[in-house]
Amino acid sequence: MQLDLLIRDACVRDDAPLTDIAIRDGRIAAIEPGIDAPAHEVIEAGGRVAIPGLVEPHLHLDKALLHRRLPARLGTLDEAIRVTGILKSKQQRHDVLDRSRQVLDMAVRHGTVAIRAHPDVDLIQGLVGVETLLELKAEYQDLLDLQIVAFPQEGILKSQGTRELMIEAMDMGADVVGGCPYNELSWADTVRHIDMVFELAQRYDAPVDMHADFADDTADQRFAAVDYIAQKTIECGYQGRVSLGHVTSLGALDTAQLEPLVAQLREAGISIVTLPATDLYLGGRKDQQNQRRGLTPVKALHHGGVNVAYSSNNIRNAFTPFGKADMLQIGNMLAHVAQFGVPEHQLAVLGMGTHNAARAIGLHDSYGLEVGRQADIVILDTFKVADALIDIPPRLWVVKRGRITVVTQHRCDIRRHRCCAH
Ligand SMILES: [Zn+2]
């Protein structure tokens, strides 16, 4: 059997011997030690770790790399939306393309093989985010899979005409119906916003992905919509097709309040995508003491059986002035702040950036290091899977659909000079 690519001596599990991975026609043909078959290309992994390609389930490309144009001074969510709104009103197609490409290139270099992008769809920037992403989806098809969400950042009812733009976006080829139910003027409108999102999703038979509950607590009902979204998901038969980003307000609940919500999310098959870089940066800004960390309760959701994933969200803008589209870097941060300390916990966090993230964007049937799955693989310059998040190692090879897309050649020698003995 002639192979397209053979990866030799890779570590895929810390408790198993090294293995070879055979790839043909873009898929994994075999995973076993000592594969003896001719291959067009060979990667000598030499005991290094192979993981399935990293997945960013939530990324804003159209708003990336705006951090120096109009810096946000207060660091609140309201200010970030306002400042970005000013910049959005001046969005130009070539500039959006240029900044998006810079971020996509960063992501590819860091071993990301699939991205769900959330371009704003609103009366300020119109459909430029969707149009540019459609172009980039074709341009980057050999490097990564790109999904497009029609995301109404400015609200739907609050900003009349947005629903029509979302319909246009879906007709143009957007894949997912987005939502931003907190950005409405009342709880009644938040409910109508959610209803509209589901109505559109059903019309296009598309998944739902909403920015939900983005606050430090649930005092304002618009920031306590998880309960209603879970009900609606079940009512619409949408179990397994809904993802929610942020959901930070749940972090303010005590265990007794949280438990029934976790059970509801699990029953509705809703994926939670935590966005620690943004949530830590914007959260708890008004607290005068014991400043809250503004993060969804990752551990409780994970242990409660909810599919939890994480993502970068924003790269260098008013929502998050940092980032380099590196899922291992964000995973390292998440492991710190969510207190996932022991090796099995760190493997769980790595799973949130790979398998869980793939599930959150509906890729799980074709994803993973298993025979028959799409050959999207990253070889890391480290020797234990449990060290991937600690080392944040160079991605030595990235493989997308069986083809090598990135090769990192690095060399760092420490020069020790012998001291003179007197
Ligand atoms: Zn977002």
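**View 1. The cysteines.** Cys236 counts as buried at 15% relative accessibility (buried: under 20% relative accessible area, 1.4 Å probe, protein chains only). Cys180 is buried too, with a relative accessible area of 0%. Cys236 is in no disulfide, and the nearest cysteine sulfur, that of Cys180, is 19 Å away. A disulfide is a pair of cysteine sulfur atoms within 2.5 Å; the count is 0. This is a predicted model, where local features need pLDDT of at least 70, side-chain atom pairs count only at pLDDT 80 or more, and totals for chains, interfaces and linings use all residues. Residues are numbered from 1 along each chain as its sequence is written, and side-chain values use heavy atoms, without hydrogens and water.

**View 2. The zinc site.** His58 (NE2), His60 (NE2), His211 (NE2) and Asn313 (OD1) coordinate the zinc ion at 2.0 to 2.2 Å. Donors are N, O and S atoms within 2.8 Å of the metal (3.2 Å for Na, K and Ca); water is not among the atoms, so sites may look incomplete. The donor spacing in sequence is H-x1-H-x150-H-x101-N. His58 and His60 are both buried.

**View 3. The largest pocket.** Its volume is about 550 Å³. A pocket is an open set of points on a 1 Å grid over the protein atoms alone, where a 1.4 Å probe fits, with protein on both sides within 12 Å along at least five of seven lines; lining residues have an atom within 4 Å of a point. The volume is the space filled by probe spheres set on the points, joined across faces, edges and corners. The lining has 27 residues, with Leu77, Asp78, Phe214, Phe223 and Lys286 nearest the centre.

Note on methods:
Buried < 20%, exposed > 50% of the residue type's maximum accessible area, 1.4 Å probe, protein only.
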